[in-house]
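I opened my notebook to look up a few things in this structure.

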Amino acid sequence: NIDWDKVIENTGKCSKRLILNNSIEIPENKGIGVYKSNLLYNKVFQNTALKIIENNKCKKDLYHIAVYDKNADFTDFTTRLSMYSSKLTVVTENKEKYMSLCDDILEKTGLCISLLSDFDNAKIKIDMGRNVMSIDTKNQFLNITNGENITVDDIYKKLLPQNVNEYDFYSALYELCGVFSLGECIFENVTVNNEKKLVKDIHFAWHKGKFLI
C-alpha cells in the first residue's frame, strides 16, 4: 500500500536511487529505481588486499606483484601497492595514463613499473576487473574473492535499517552522502578457494624464495 506518487514527490531525483527493504517490490514505469554501485566494494576490496599483504609482510620481505587494471581506473591503488613490491607489473590497455605515475614512483622509490599486456609470473596477482587476488604458494594458488562484512564504525552500524542490504546502505552513505571515511574500511571475511575465512586469519610466509602456508 505504498503511495509511490508521494514517494516521488518527496524524493525528487533521488527516487531513481532508493535504498529499500528487501521485501519491497517497486512498480514499473513509475520512474522509481534502486541504488546499486560497485564503487565502495572496489575500494574496500583494495584495502583488504593491502591488509592481507601487510599482515604477511616481514621487515625485509617485498613481493613481486602484478595488477590487472584494464582502463587505468585504479592508479591510486597501484601507488599504494608499490610500497609492498620488489617488482610491480601493471597489465593495462591504457598505458599512457600510467606513464606519469611510473615516473613518479621511480623518482620516489626507485621502483620501475613494468607495463604489459598480460600477467607475468608474479607471486601475487590482483585482477581489479573481477576483484580477485591470487597468491602463488608454489604448492597451490590461493584465490581470494567475495568480501563480506564491512568493518564500519558503530555510529554507522546504528543507522542501518532492518532488512536492508548493508553493503547497499553503506555504499550510498559513501557515494551519495559524502561519508568518505567508509572508503578506509576493510572486509572482515573473504572467500579463499571457496572457503570463507577471516581476513586476520589468512597467513602465508616467504622463505628462501618460496611461499609457505
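I began with a definition: a disulfide is a pair of cysteine sulfur atoms within 2.5 Å. The model is predicted, so local features need pLDDT of at least 70 and side-chain atom pairs pLDDT 80 or more, while totals for chains, interfaces and linings use all residues. Residues are numbered from 1 along each chain as its sequence is written, and side-chain values use heavy atoms, without hydrogens and water.

**Cysteines.** I searched the whole structure and found 0 disulfides. C185 is in no disulfide either; its nearest cysteine sulfur, in C177, is 15 Å away. I noted that C102 is buried at 11% relative accessible area, and C185 is buried at 9%. Buried means under 20% relative accessible area, exposed over 50%, partly exposed in between (1.4 Å probe, protein chains only).

**Loop residue.** I then looked up N56, in the loop between α2 (39-55) and β1 (63-68). Helices (H or I, at least four residues) and strands (E, at least two) are DSSP runs, numbered from the N terminus. N56 counts as buried because its relative accessibility is 6%. A polar atom of its side chain lies 2.7 Å from the backbone oxygen of I52. Leaving out residues up to four places away in sequence, N56 touches Y63, I202, H203 and F204. Contact means heavy atoms within 4.5 Å.

**Phenylalanine.** Beyond four places in sequence, F77 has contacts including Q46, A49 and L50.

Methods
A polar contact is a pair of N or O atoms within 3.5 Å; within protein, one must be able to donate a hydrogen and the other to accept it, and residues adjacent in sequence count only if both atoms are side-chain atoms.
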